[in-house]
Amino acid sequence: MSRKRRLTGEAARSAAFESVDHAPLLASLGVSLPDETLKLALTHRSFANENGHLTNNERLEFLGDSVLGMCVAEALFRRFPERTEQDISKMRAAVVNMYALADVARAMDLGEQILLGRGEMVTGGRDKHSILADTTEALLGAIYLEHGFEIARETVMRLFSDMVDNAPTESRGRDWKTLLQERLSARKLPAAEYRFESAGPDHERTYTVEVLVDGAVRGTGEGLTKKEAEMKAAHQAHQALT
């Protein structure tokens, strides 16, 4: 008996794309997109690389990031005329960050629609903050290209309006390492030191980080990347020094 030949290249992408009903996603976005455009926006680099180095969604992600930033900045500027530039900058960071974008993606059940390589799928890629956030930005970039800025802005406001209205001046998406260092400087304490350990095979490696202040451990964090673990540890230390 001959083995069934595995699809690769564009045939593999089309088969994976057509196996999912995209109507609910488009309904959540509130716009229409041609299949080819939507297919590209949903193609993560892991899928592209495993199938003959296809085009992926990173260029659309780059464009969507700029569209999102502009739309949110304008909305904050208009809705909070009494806030200073420093405040609205922090508020924008609370909305335009990986965690907020991932929350929006989960509300649309976007993870199930992303075209991922096998390696990412077995390591929980469909629920990774970074992949969900990047794909959301790619979709916004695709909407901008297909419909122009006004429709893109309407889409952003439909998805992010509540976050804009309730944007805090500090957020889980902020640079906690920088915030921690600012707090240490204000208290005339020495700079934080970070030490880390990693465990597991390359495709499932996890990192554990401790942050030390004046020789004492003030925070710990774990993550799938060293940066993520450092941010969690710095956040904990920042809270401890509050």
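Is I151 buried, partly exposed or exposed, judged by relative accessibility? The model is predicted, and in it I151 counts as partly exposed because its relative accessibility is 28%, which lies between the limits of 20% for buried and 50% for exposed residues. I151 belongs to helix α10. Leaving aside residues up to four places away in sequence, I151 touches V31 and I143.

## Overall architecture

The secondary structure of the protein consists of 12 helices and three strands. Along the principal axes, the C-alpha atoms fill a box of roughly 70 × 50 × 25 Å. The protein has 242 residues, and 43% of them are buried. Among contacts with a separation of 6 or more, 59% are made by residues 24 or more positions apart.

The accessible surface comes to about 13200 Å², and carbon and sulfur atoms account for 50% of that area. The side chains include 31 positive and 37 negative ones, and the centres of these two sets lie 3 Å apart.

| Helix | Residues | Number of residues | Span, first to last C-alpha | Expected span |
|---|---|---|---|---|
| α5 | 58-79 | 22 residues | 31 Å | 32 Å |
| α12 | 226-240 | 15 residues | 21 Å | 21 Å |

The span of α5 is close to the expected value, and the span of α12 is likewise close to its expected value.

In α5, the buried residues are L60, E61, G64, V67, L68, G69, C71, V72, E74, A75 and L76. These buried residues pack against five listed helices: α3 (35-41), α6 (85-95), α7 (98-107), α9 (129-147) and α10 (149-165). Helix α10, one of these partners, is also the helix that holds I151.

In α12, the buried residues are E228, A229, E230, M231, A233, A234, A237 and H238. Their cover includes helix α11 (176-186) together with the strands β1 (193-199), β2 (206-213) and β3 (216-223).

A search of the whole structure finds one aromatic pair. F196 and Y207 form this pair, which is tilted, with 6.3 Å from centre to centre and 45 degrees between the planes. F196 lies in strand β1 and Y207 in strand β2, 11 residues apart, and the pair thus links distant parts of the chain.

## Positive phi in two loops

H53 has a phi near 55 degrees, a positive value, and is found in the loop between α4 (45-50) and α5 (58-79). H53 counts as exposed because its relative accessibility is 63%.

D214 has a positive phi of about 55 degrees and sits in the loop between β2 and β3. With a relative accessibility of 60%, D214 also counts as exposed, since the limit for that class is over 50%.

Key
Residues are numbered from 1 along each chain as its sequence is written. This is a predicted model: local features need pLDDT of at least 70, side-chain atom pairs count only at pLDDT 80 or more; totals for chains, interfaces and linings use all residues. Side-chain values use heavy atoms; hydrogens and water are left out. Helices (H or I, at least four residues) and strands (E, at least two) are DSSP runs, numbered from the N terminus. The expected span of a helix is 1.5 Å times one less than its number of residues. Buried means under 20% relative accessible area, exposed over 50%, partly exposed in between (1.4 Å probe, protein chains only). Contact means heavy atoms within 4.5 Å. Accessible areas come from the Shrake-Rupley method with a 1.4 Å probe; for residues, only the protein chains shown count as cover. Lys and Arg count as positive and Asp and Glu as negative; His and the chain ends are not counted. The place of a charge is taken as NZ of Lys, CZ of Arg, CG of Asp or CD of Glu. Rings of Phe, Tyr and Trp (its six-membered ring) pair if their centres lie within 6.5 Å; planes under 30 degrees apart count as stacked, over 60 as edge-to-face and the rest as tilted.
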